[in-house]
Structure formats: C-alpha cells, structure tokens
Number of protein chains: 2
Amino acid sequence: MSQKIITISREYGSGGRLIGQRVAQKLGVAFYDKELIRMAARESGYSLDFIEENEELSSGSFLYSLATGGAYPFQNYTGDHMSPQDKLYILQNKVIKDIAQRGPCVIVGRCADYILKEWKDSVHIFIHGSKESKLKRVIDEYGIDPSDAEKEIRRKDKRRAAHYKHYTDREWGQAGYYHMTLDSGFFGVERCAEIIIQTVKI
Amino acid sequence: MSQKIITISREYGSGGRLIGQRVAQKLGVAFYDKELIRMAARESGYSLDFIEENEELSSGSFLYSLATGGAYPFQNYTGDHMSPQDKLYILQNKVIKDIAQRGPCVIVGRCADYILKEWKDSVHIFIHGSKESKLKRVIDEYGIDPSDAEKEIRRKDKRRAAHYKHYTDREWGQAGYYHMTLDSGFFGVERCAEIIIQTVKI
C-alpha cells in the first residue's frame with residue numbers, strides 16, 4: 001500500500017478505534033491502541049496502573065496548570081521538573097516512533113498524528129460523528145447509562161481536545177491537520193474502514 | 001451511486017474546483033460552480049455583472065456590518081431591507097435546491113453543503129491543502145504574481161470563512177461539518193477525485 005502508517009484520531013463514541021481495528025485486520029498489519037501504554041510502561045519501569053492513571057489525568061494537569069497560572073507551551077518546555085503526565089507523553093512519543101520504524105501499522109489516539117507528522121508514508125485520519133450516532137454507540141456498545149451518556153461524551157472529548165492542545169498546540173478536529181476526516185455517523189463503521197483501505201490502496 | 005449530490009467546499013488554491021470537475025466528468029453527472037451564479041442571474045432579472053460583483057462583496061458586507069455595529073445573525077433576520085448580497089444568497093439557495101432535485105450532480109462552493117445539509121443522498125466534502133501546495137497552484141495555474149500569492153490566499157480564504165460564517169453560523173473547515181475532508185496537497189488532485197468516486201460507489 002502507499003501509506004504504511006495509518007494514525008486514527010477520533011471523537012469519543014465515533015467508533016474510530018473499531019474502524020482502526022477493522023482496517024488493520026483487513027490489511028493484515030499491526031494495531032496499536034492501549035498496547036502503546038503497556039509498551040511505555042515496560043520501557044519506563046513505572047507500573048501499568050500508575051501509567052494508566054496518569055494518562056487519564058494528563059489534560060487535568062494542563063487545566064490545573066492553567067488555573068494556577070503555571071501553564072507553559074509543552075513544545076518549548078525545557079525545565080527539569082516534568083510532571084508524570086509529560087514524562088509519559090515523551091515515553092509514548094518514543095514508543096510510537098519505534099513502532100513506526102518496525103513496519104506498516106494502525107495507531108489509534110495518543111497524538112500519533114502529531115508525533116508522526118513528518119513521517120514518510122504515513123496518513124493521518126480523524127473520525128467524528130453526529131451526536132445521535134455517538135450517543136447510540138456509547139449506550140448500546142460501551143454500556144454507558146443513557147442519562148449520563150451526553151455528559152460523558154462531552155467530558156471525554158473536552159479532555160482529548162485539551163490533551164491534544166497541550167502537547168501539540170493544535171485545535172483538535174480542525175480538518176487542516178488531517179489528510180482525511182470521515183463522519184462515521186454518516187458512513188458507518190464498515191464503510192469508513194472500506195474508504196480508508198481503498199484510499200491507502202489508490 | 002449511493003450519494004447523488006456531491007458538494008465540495010474548498011480552500012483557495014486547493015484545487016477543489018478541479019477535483020469537483022474530475023469527479024463529475026468521471027461519474028458522468030452535471031457540474032455546477034459559476035453556472036449557479038448565471039442561473040441565479042436569469043431568475044432574478046439582475047445583470048450577471050451586478051451579481052458577480054455582489055457575490056464577491058458578500059463577506060465584505062458582513063465585515064462592514066460588524067464594523068458599524070449592525071451585524072445580525074442572517075438565519076434569524078426577518079427585516080424587509082435585505083442587502084443585495086443577502087438577496088443573492090437566497091436566490092442561490094433556491095437555485096441549488098432546484099438543481100439538486102433534477103438529479104445527480106457536483107456543486108462547488110456557494111454554501112451548498114449547508115443549504116443541502118438535510119438533503120437525502122448528498123455527501124458534503126471539504127478540500128484543503130498545505131500552504132506550499134496552494135502557493136504552487138495559484139502561481140503556476142492561476143497566474144498569481146509570486147509576491148502576492150500568499151496574501152491573496154489569505155484574503156480569499158478569510159472572505160470565504162466570513163461569508164460561510166455569516167450565512168451558516170458555522171466555522172469553515174471544521175471537520176465535524178463535513179462527511180469527508182481531504183488534503184489535496186497530500187493526495188494530489190487525481191487521487192482526491194478517485195477517493196471521492198470510490199467513496200460514493202462503496
């Protein structure tokens with residue numbers, strides 16, 4: 001195929017992770033998502049629990065630093081006293097570049113689009129969806145309580161946007177940062193996977 | 001094909017119009033761009049010159065009204081004294097809905113994605129490109145003076161964004177508003193056309 005590394009960024013509930021899995025499966029290439037966290041854990045010597053906890057809190061850290069007036073652009077930060085979240089980002093950055101070198105794969109989330117933005121033979125995709133389609137998915141498939149679903153989608157996406165902004169200084173979901181974006185509410189998971197496969201094959 | 005109406009919104013210099021032409025040609029369907037203005041002119045009784053002049057100025061009108069404190073959300077405007085630009089928008093709105101009813105086609109620009117947002121069997125696409133790829137196109141293909149090219153791209157896109165915001169209250173180029181967005185600097189014009197054709201065929 002033309003592009004060997006496919007990164008997928010996605011709104012919560014858009015089915016982007018599932019689309020990534022389908023694409024990897026059909027192309028017969030490796031798939032990375034949570035696995036990246038485990039790999040970072042192994043490299044770091046931190047426990048998996050510690051890493052998962054800190055990854056979840058990374059945007060909280062940024063919001064906290066904003067609130068306390070201590071925000072800094074991560075890209076220019078040269079201080080010695082990095083937060084656990086920032087250390088984790090750097091570990092994941094290293095792990096993502098390592099696995100990109102190993103061969104064709106699909107990577108979901110973890111700012112991989114930004115980390116590999118200069119990577120030859122990579123294509124960066126963003127998956128979004130209508131509110132209705134995301135609500136249906138998080139209730140039916142993720143088992144979120146219907147009365148909490150809308151709030152949970154907002155909370156997760158706010159964190160993802162803040163996390164992305166913190167580490168990339170980019171606006172999450174702006175078309176200009178991705179080679180392709182797809183509406184999974186419109187196309188559905190299977191058709192999105194098929195479009196991506198066709199695209200990397202053309 | 002699954003989607004009968006394809007709308008294409010595009011950054012200046014992204015080659016979006018050319019991609020739309022290729023798609024229409026290969027699918028054997030009608031293509032509308034400037035033609036829409038002529039159709040609106042015929043319906044309105046205004047001269048073509050008058051219409052072209054006012055279309056170009058439509059975002060200027062909005063900026064002017066902002067500057068003078070007279071801005072109003074177009075969607076909620078019920079006043080009798082509409083500007084020529086707003087009258088033209090309403091004419092184009094009518095013309096776009098008329099041609100959508102006639103059968104499969106590709107429509108470039110003119111807020112057609114918003115006007116046909118509830119239209120069954122329509123797919124809405126946004127084409128963007130890297131600064132380098134757009135500079136190359138406007139200099140080599142549109143004949144813009146190299147020393148003016150960057151400024152001209154900024155000026156045109158600022159107008160398009162303001163025009164779109166004025167008539168739709170949406171942010172131009174935000175992935176969430178389109179079913180698909182493509183980076184023509186990355187894929188190139190021919191591959192973008194091929195991706196769109198494959199997508200409407202899947």
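User: Which residues of H7(B) are called buried, and what makes them so?

Analyst: In this predicted model, the buried residues of H7(B) are B:Ala149, B:Glu152, B:Ile153, B:Asp157, B:Ala162, B:His163, B:Tyr164, B:His166, B:Tyr167 and B:Thr168.

User: How do you know that the length of helix H7 of chain B agrees with its 23 residues?

Analyst: At 1.5 Å a residue, residues 146-168 should span 33 Å, and the end C-alpha atoms are 33 Å apart, so the two agree. There is still a bend of about 25° in H7(B), at B:Glu152. After the helix comes B:Asp169, with a positive phi near 60°.

User: What makes B:Ile196 stand out in the largest nonpolar core?

Analyst: That core has 43 residues, and B:Ile196 is among those with the most contacts inside it, along with A:Met180, A:Ile196, B:Ile6 and B:Met180. Beyond four places in sequence, B:Ile196 has heavy atoms within 4.5 Å of residues including B:Ile6, B:Ile19, B:Ile125 and B:Leu182, so these count as contacts.

User: Why are the two copies said to be related as by a two-fold rotation axis?

Analyst: Chain A superposes on chain B by a rotation of 180° with 0.0 Å of shift along the axis, at an RMSD of 0.0 Å. The copies are therefore related as by a two-fold axis. Both use the same surface, as 100% of the contact residues of chain A recur in chain B.

User: What area is buried between chain A and chain B?

Analyst: About 2000 Å², with carbon and sulfur atoms giving 59%. On the chain A side, A:His179, A:Arg191 and A:Ile202 supply 28% of the area buried against chain B, more than any other three residues.

Methods:
Residues numbered from 1 in each chain as written. Chains lettered and ligands numbered in written order. Predicted model: local features only at pLDDT ≥ 70, side-chain atom pairs only at ≥ 80, totals over all residues. Heavy atoms only, no water. Least-squares fit on C-alpha atoms with pLDDT ≥ 70 in both. Helix = DSSP H or I, 4+ residues; strand = E, 2+ residues; numbered from the N terminus. Expected span 1.5 Å × (residues − 1). Bend = angle between axes of the 7 residues up to and from the residue. Buried < 20%, exposed > 50% of the residue type's maximum accessible area, 1.4 Å probe, protein only. Core = buried A, V, L, I, M, F, W, Y, C linked by side-chain atoms within 4.5 Å. Buried area = accessible area lost by both parts, 1.4 Å probe.
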